[in-house]
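Dear colleague,

I am passing on the structure below, together with an account of what turned up when I went through it. Please read the notes with the coordinates open beside you.

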Amino acid sequence: MSVSAAPLLSLSPYADLPATLPPGARVLALDTSTDRLSVALGCPDQPEGWLLHEGVGGAQASATLIPLIRSLLAQAGWQLAELDAIAFGCGPGSFTGLRTACAVVQGLAFAARPDGIPVLPVNTLLAVAEQARWQLEQRGEPCPERIVAALDARMDELYVAELALAGSPTQPRLVSGPWLSAPEALQLADGWPEAGTGSTPLLAGNAVPVYGPRLSAAWQAAPQQATWPSAAAMLRLAPALWAAGAAVPAAAAQPLYVRDKVAQTTEERERLKAEKLAAAAASAGAGA
């Protein structure tokens, strides 16, 4: 197995913050790491009052995100300066989407008040796993203790991380990753599924809808939950992340990149095209 794991974010802790989010803390959460735009506003301990938006993201996110946030704040009757924290999907994900999120979060945090608003960077694969766990819980179904979060990274690759359920309330925690993997080569650090070790994990994310036939039979047979990194999941994760010291000043809100390159070169695209044509020709010849 060839796994190139990216280092986790190393951020300086925010000084002089309470050890836990106080009851009724007001938190804005947003994610623009995929083609979907997800925003949530509310108190993490009062989910019945959350304001949520799920819609089209991608290129439109940069134009619609700030007006949307203003609209949600107006609906809640809150001022930007009254927020206790801003959580955002820091990556991995779309390069443009991650930069958009960082720019918006930094701008809002600095504009709100002189000392800024504390920021909670949230690994998007952690949010994927939490959303999958929550969806199973809502249906009254148990969640496997191991979760593999996998999102389409384009260029015939997946962003992957392994997580385990822990804590109270039970939420996923990162065990390994994130890393990049070809769909056909998806394998965990303990060798599963090729080595047949460990328990069968839950496969969360969009690997099956996008790359299903290219995944191994073991992955296709594993329990699955199609999910995206939602802002609601980030609100649920916010108290535990805060208690773990993940809050940082706005200047430290930086993207988590896993891939070093944004796009393939012309030569690489032509080579891959030629390989696919050759494979198709060989397949056709074998069937003749």
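A residue is called buried here when its relative accessible area is under 20%, exposed when that area is over 50%, and partly exposed in between. With a relative accessible area of 5%, Cys-102 falls under that 20% limit and is therefore buried. Cys-143, with a relative accessible area of 19%, also counts as buried, because the limit is 20%. Please keep in mind throughout that this is a predicted model.

As to cysteine pairing, the structure holds zero disulfides. Cys-102 takes part in none, and the nearest cysteine sulfur to it, which belongs to Cys-90, is 7.5 Å away.

For the overall picture, the protein has 288 residues, of which 47% are buried, and its secondary structure comes to seven helices and eleven strands. The accessible surface is about 13,400 Å², with 56% of it belonging to carbon and sulfur atoms.

Two packed helices are described by the angle between their axes and the distance between the axes. In the case of helix 3 (residues 124-138) and helix 6 (residues 231-243), the axes come within 9 Å and cross at roughly 110°. Angles of 65 to 115 degrees count as roughly perpendicular, so helix 3 and helix 6 are roughly perpendicular to each other. The crossing of helix 3 past helix 6 is right-handed. On the helix 3 side the residues that meet helix 6 are Leu-126, Ala-127, Glu-130, Gln-131, Arg-133 and Trp-134, and their counterparts in helix 6 are Ala-233, Met-234, Arg-236, Leu-237 and Leu-241.

Helix 1 contributes Ser-62, Leu-65, Ile-66 and Ile-69 to the contact, while helix 2 contributes Thr-100, Val-104 and Leu-108. Here too the crossing, that of helix 1 past helix 2, is right-handed.

Among the strands, I would point to Ala-40, which is found in strand 3 (residues 36-42). At 0% relative accessibility, Ala-40 counts as buried. Apart from residues up to four places away in sequence, it touches Val-27, Leu-28, Ala-29, Leu-51, Leu-52, Ala-231, Ala-232 and Leu-235. For one of these, Val-27, the separation from Ala-40 is 13 residues in sequence and 8.3 Å in space, taken from C-alpha to C-alpha.

Finally, some points on the backbone. Most residues other than glycine have a negative phi, and most peptide bonds are trans.

The peptide bond that joins Ser-168 and Pro-169 is cis, with omega at about 5°, and Pro-169 lies in the loop between strand 8 (158-166) and strand 9 (171-181). The bond from Trp-192 to Pro-193 is likewise cis, with omega near 5°, and Pro-193 lies in the loop between strand 9 and strand 10 (202-205).

Positive phi values occur at Arg-154, where phi is near 65°, and at Met-155, where phi is near 55°; neither residue is a glycine. Arg-154 is found in the loop between strand 7 (146-152) and strand 8, and Met-155 has its place in the loop between strand 7 and strand 8 as well. Arg-154 counts as partly exposed at 48% relative accessibility, and Met-155, with a relative accessible area of 29%, is also partly exposed.

Definitions and conventions. Residues numbered from 1 in each chain as written. Predicted model: local features only at pLDDT ≥ 70, side-chain atom pairs only at ≥ 80, totals over all residues. Heavy atoms only, no water. Helix = DSSP H or I, 4+ residues; strand = E, 2+ residues; numbered from the N terminus. Buried < 20%, exposed > 50% of the residue type's maximum accessible area, 1.4 Å probe, protein only. Contact = heavy atoms within 4.5 Å. Areas by Shrake-Rupley, 256 points an atom, 1.4 Å probe, with all protein chains shown as cover. Disulfide = S-S within 2.5 Å. Axes fitted to C-alpha atoms, helices over the stretch in contact; angles between N-to-C directions. Parallel < 35°, antiparallel > 145°, perpendicular 65-115°, else oblique. Left-handed = near helix turned anticlockwise from the far one by under 90°.
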